[in-house]
Amino acid sequence: MGVISGCLIMPDFIFGQVDSTGQSYLSSSRQSIIVSLLSAGTFCGALAQAFTADRLGRRGSILFWSAVFTIGVAIQTGTTYSLVQLVIGRYIAGLGVGSLSAIVPLYNGETAPKAIRGTILVIYQVQIISGIFLSYLFELGSHTLNNSGSWRIPVGLQMVWGLILLSGMFFLPESPRHLLGTGRGEEARRVIAELNNVPEDYALVIEIVEELDLAIKAENEGGKATWLECFSPRNAMWRRTINGMMLQFIQQLNGQNFYYYYGDTFFENAGAGLSPYVIQTILGAVSVVGTLPALYFIETWGRRKSLLLGAFAQAVCAFIVALVGHFCLAATGTPVSALTSRNKAAGGVVITFAVLQVFIFGTTWGPIPWVYLGESFPLRVRPKSIALGSASNWFWNFMLSFFSPRIVAKIGPLIMLVFFGMLVVGLFYVYLFIPETKGITLEEVRDDSYCLRHPVSRPRATI
């Protein structure tokens with residue numbers, strides 16, 4: 001995600017387009033295709049992992065999709081200015097990204113003890129943001145090269161992380177819930193003991209195994225789960241699934257990923273006197289720093305309050321960026337020497353509130369929708385429900401990446417009003433429909449009262 005933003009404005013990253021003056025350029029339509037094909041792959045991958053998660057296991061599925069991602073990156077890196085090869089590589093890499101975005105929270109949620117489950121799932125988001133930040137650093141160093149190395153280096157280095165994940169999974173255990181669900185009780189007992197750092201005959205291990213075994217047998221009484229069961233009225237499954245999909249939808253359209261994909265291009269017009277690569281690197285660093293407080297707030301504020309505060313604060317930032325950017329920034333292409341003091345001040349305001357919005361996103365809406373997705377479903381339908389939530393994330397990611405250049409070309413910074421509107425929708429949606437999931441076990445989500453864990457639904461006490 002982070003790599004492509006800087007590549008779009010690199011002089012060497014041009015795929016065969018020349019204007020009337022003979023100058024090479026990358027049109028908004030080609031930008032859309034290059035960026036969005038990864039998102040198209042992630043959508044398909046998020047759905048596909050629901051099949052591999054059960055058949056190959058959580059661990060085996062991560063191994064498989066890590067290999068797919070690495071192959072996709074290799075295809076991109078090996079292209080010799082072929083747009084077709086580049087977008088095919090991005091699509092294949094997207095299959096790996098989309099599937100891993102669903103299977104990794106599933107694996108984390110099923111292996112982590114409930115006391116630290118939220119923290120573990122937030123660390124997942126910290127790693128994602130850290131990876132994006134690293135890609136900005138690589139581009140900051142490589143963009144000065146006057147050859148294809150300027151973009152091949154940051155693109156190719158993605159293979160390193162794919163290989164690290166691929167090799168690292170050989171040293172990690174299978175999910176104990178999956179092991180019990182497939183009749184491998186002894187292996188599950190050993191894994192649970194290892195994860196809790198206690199002997200296999202320890203009382204805690206016996207208690208967890210019995211609790212999991214009872215819950216799994218109850219869930220499997222109805223036979224094999226189907227996709228339609230994700231929308232069943234039983235245990236309000238339809239509500240859980242829609243909540244997961246809606247949180248991912250709102251997360252994608254709150255402005256953060258617009259900065260990730262097109263931030264360099266957007267900030268190039270802010271006239272702040274800094275290289276867009278420097279500004280993007282600052283944003284990446286802020287994202288990482290912003291995600292760290294979530295490790296604390298996720299278990300103190302809880303999921304619901306964090307989402308409410310985050311939606312409100314981000315909406316304020318998006319509103320300011322939209323109006324200041326529209327009315328006070330100079331027109332696209334204005335030379336730096338022609339910028340007025342008003343234009344420069346506006347550029348500073350736009351960048352300041354963009355940075356603040358990125359920070360707030362990292363603390364709230366960045367990790368929490370994934371936490372909610374990883375802990376809201378019974379084992380019976382968990383891979384399929386998480387697949388639907390992840391697919392929703394990547395579908396709207398595709399829509400954002402495909403249409404954003406066209407919208408910006410028409411209305412400029414006012415695109416942030418679209419994200420402002422979505423954040424307002426998110427504020428009301430969370431208040432009305434999202435329950436608090438802090439401090440409950442994954443087995444407790446079978447209880448229908450789980451869906452009534454927020455003030456709007458809970459009856460008020462009387463005196």
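**Labels and their grounds**

Analyst: Arginine 58 has a relative accessible area of 1% and is buried, where buried means under 20%, exposed over 50% and partly exposed in between (1.4 Å probe, protein chains only). This is a predicted model, in which local features need pLDDT of at least 70, side-chain atom pairs count only at pLDDT 80 or more, and totals for chains, interfaces and linings use all residues. Residues are numbered from 1 along each chain as its sequence is written, and side-chain values use heavy atoms, with hydrogens and water left out.

User: Why is aspartate 54 called partly exposed?

Analyst: Its relative accessibility is 36%. That value lies between the limits of 20% and 50%, so aspartate 54 is neither buried nor exposed.

User: What makes the pair of arginine 58 and aspartate 54 a salt bridge?

Analyst: The term requires a side-chain nitrogen of Lys or Arg within 4 Å of a carboxyl oxygen of Asp or Glu. The closest N and O atoms of arginine 58 and aspartate 54 are 3.1 Å apart, so the pair qualifies.

User: Which salt bridge joins arginine 58 to glutamate 110, and what does the pair tie together?

Analyst: Their side chains meet at 2.9 Å, N to O. Arginine 58 lies in helix H3 and glutamate 110 in helix H4 (residues 83–111), so the contact ties together parts 52 residues apart in sequence. A helix here is a DSSP run of H or I with at least four residues, numbered from the N terminus. Glutamate 110 has a relative accessible area of 1% and therefore counts as buried.

User: What distance separates arginine 382 from glutamate 110, N to O?

Analyst: The closest N and O atoms are 3.0 Å apart, and the two residues form a salt bridge. Arginine 382 is in helix H18 (residues 382–411) and glutamate 110 in helix H4, so this pair spans 272 residues in sequence. Both arginine 382 and glutamate 110 are buried.

User: Which residues make up the network of salt bridges?

Analyst: Asp54, Arg58, Glu110 and Arg382 are linked in it. The structure holds four salt bridges.

User: How do you know where confidence is highest and lowest?

Analyst: pLDDT is the predictor's confidence in each residue, from 0 to 100. Helix H3 (residues 57–77) has the highest mean, 94, and helix H12 (residues 256–268) the lowest, 65. Over residues 457–463 the pLDDT is below 50. The protein chain averages 82, and 87% of the residues score at least 70.

User: How many helices and strands does the protein chain have?

Analyst: There are 19 helices and zero strands. Of the 463 residues, 54% count as buried.

Technical notes. Helices (H or I, at least four residues) and strands (E, at least two) are DSSP runs, numbered from the N terminus. Contact means heavy atoms within 4.5 Å.
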